[in-house]
Amino acid sequence: MKKHYKFSIWYFIIGIWIVLIVQNYLAGSFAVKTLPYSEFLQYLEQGKVAEVAITANEIQGRLKAESENGKEQYFKTVKVDPEISELLSAHHVKYSGTIESTFLRDIISWLLPVFIFLGVWFFLMKKMMPQQPGFMSLGKSKAKIYKQEATGITFDDVAGVDEAKVELEEIIEFLKNPDKFTDFGGQMPKGLLLVGPPGTGKTMLAKAVAGESNVPFFSISGSEFVEMFVGLGAARVRDMFEEAKKNAPCIIFIDELDALGKARGIGGYGGHDEREQTLNQLLVELDGFDSNIGVILMAATNRPEVLDPALLRPGRFDRQVLVDRPDKEGRKKILEVHLRKVKRIGDLDIDRLAAMTAGMVGADLANLVNEATLLAVRSRKERVEMAQFEEAVERVVAGLEKKNRLINKKERNIVAYHELGHAIVSMSLPDTDPVQKITIVPRGIAALGYTMQLPTEDRYLMSKTELLNKIATLLGGRAAEQTVFNEISTGAHNDLAKAADIARSMVIEYGMSEQMGQVYLKGESKGQFLMPGLSQRGEYSEATARKIDEEVKKIIDEQYQVALNILAGQRDTIEKAVQVLLEKEKISGEELKQIMQGTELPGREEEPAA
Ligand code: ADP
Ligand code: ZN
């Protein structure tokens, strides 16, 4: 909205200006001069009056031109003498009730500019928003809600996102057969949020759900809502839900939900009225409809952290599906999907292609296949061969590196060691959560890789040993970097913050420090407006604060040493595991355990299909 709004103000000013100019011009030619009655009588005596029109208390008239092609002057004057008609007859002046021409010209001099103004306004508005025809029918325009009776996209077209597909199966089942579900008294989720980086296939997945279940697909983009006139967005939301309910079962898809659903209050004081209205309307609609009528709302975002918490509450977008960057296996499948559309393919080593495209998402891979095909056509090849793909990869990578989305080889190396550090330290210590898998596929926005640990059971109590082991595990990434490269990268700072948090809690909350003894020093949080991340300081002296810091540092230092010691004894394992991780981009906890125990991995090359 912001941008367009500014523009329209400029057009408005230009419009007004044009009106003034036209007005001025017309006024110049049709100006009516007010004469004193005495002067009128003088003109009358001199025979200069051409014609007059007499109304109840005014005389309007026209003076003869001064010269042959001079201008005629219009005038008006008050009617003093009631017997004016005789006087006029005496001087042979034509007179009547009104003068047609003056009246017409008056009208024209006002209407013409108004028409011109409206015309200019209309023309510019049309130019301004060509994608929104019919903007005049405020609120009723549905131009931006795209409806597809059949998307024609199936799950087969979306590859490498198997985990997300599993989550979506249930929705398809429901949409195909809503009655079966409701007969059982089941309640479908209303809102489903697809979370993942751009180009990973979120829109495609939503369309595929519609395609698989054979229902209409309504889509709209959150950013388009925000560019509308005030009040229009909310009306649009209402329209969309109304339309969807009529078409149930169906899917509503909101792309870029974050543009619309940013937490209220983020982005400046006063907020963005239009966005808030629209968001509120969306919340109202979400609360107001029963998912069992067969309308499923899906939305996509790559920034779930900025969403208004109100959107994520139960009964709204309470289910989130992660659509992450594909790993090597996933990229292979995506490439295969897109290669299906290419008619002339030579001998391609898809496995190598997948290895070459680390960090790319589905959209990049689609782009890559297209680029390679174009290159083949351009160089008049019979088929698309590996050479074209290699050249295309270089081009795409060059483009992506500019966008900073690919991590380079050296970084990949560091990340691999770092993540293995976490995993190996954790697996070497007793009473830690088992390691599920380790990957170096960049996840989300900040993390370059991650080590996934799942707690075996829900935990409410943790022993001091467990907490210390957790700290050691967190520091394992740093320790590995230190051990292997003898220096530490910035990638580890989040780990350190988490480790310090735990250590601090141990000292001031759990009374687990020998130096400090059994104390509780954590301050009550003052009000609910405390920003997360700000440490809540209790009431204690500077000296105590220093002592706490010392204790925290001592715990961290000790556990760092623990991590270093473990890794020093596992250099072989690290090197072996890093090779696997760099090659496959992920390694499971089970596989790592086998490497640690010195067993060679069986069937390393072919992983059973998931
Ligand atoms: P998102 O909505 O996550 O930004 P899209 O669904 O719009 O991504 O994907 C853009 C294009 O990239 C799709 O049209 C498709 O050609 C390709 N693409 C993305 N992800 C996949 C995938 N998992 N499998 C196949 N093609 C994909
Ligand atoms: Zn880490």
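This report describes a zinc site, a helix pair and a sheet in a predicted model. Local features need pLDDT of at least 70, and side-chain atom pairs count only at pLDDT 80 or more. Residues are numbered from 1 along each chain as its sequence is written.

**Zinc site.** The zinc ion (ligand 2) is coordinated by His418 (NE2), His422 (NE2) and Asp495 (OD) at 2.0 to 2.1 Å. Donors are N, O and S atoms within 2.8 Å of the metal (3.2 Å for Na, K and Ca); water is not among the atoms, so the site may look incomplete. Along the chain the donors follow the spacing H-x3-H-x72-D. Histidine 418 lies in helix 16 and aspartate 495 in helix 18 (residues 493–508), 77 residues apart. Both residues in the table are buried (under 20% relative accessible area; exposed is over 50%, partly exposed in between, with a 1.4 Å probe and protein chains only).

| Residue | Relative accessible area |
|---|---|
| Histidine 418 | 6% |
| Aspartate 495 | 10% |

**Helix pair.** Helix 16 (residues 409–428) packs against helix 19 (residues 542–568) at an angle of about 95°, with the axes 10 Å apart. Helix 16 is therefore roughly perpendicular to helix 19 (65 to 115 degrees). Contact (heavy atoms within 4.5 Å) involves Gly421, Ile424, Val425 and Ser428 of helix 16 and Ala563, Ile566 and Leu567 of helix 19.

Six strands form an open, mixed sheet in the order 6-8-9-10-7-11. Its edges are strand 6 (146–148) and strand 11 (319–322), each pairing on one side only; pairing requires at least two DSSP bridges between two strands.

How values were computed. Chains are lettered from A and ligands numbered from 1 in the order in which they are written. Side-chain values use heavy atoms; hydrogens and water are left out. Axes are lines fitted to C-alpha atoms, for helices over the stretch in contact, and angles run from 0 to 180 degrees between N-to-C directions. Helices (H or I, at least four residues) and strands (E, at least two) are DSSP runs, numbered from the N terminus. Angles under 35 degrees count as roughly parallel, over 145 as roughly antiparallel, 65 to 115 as roughly perpendicular and the rest as oblique.
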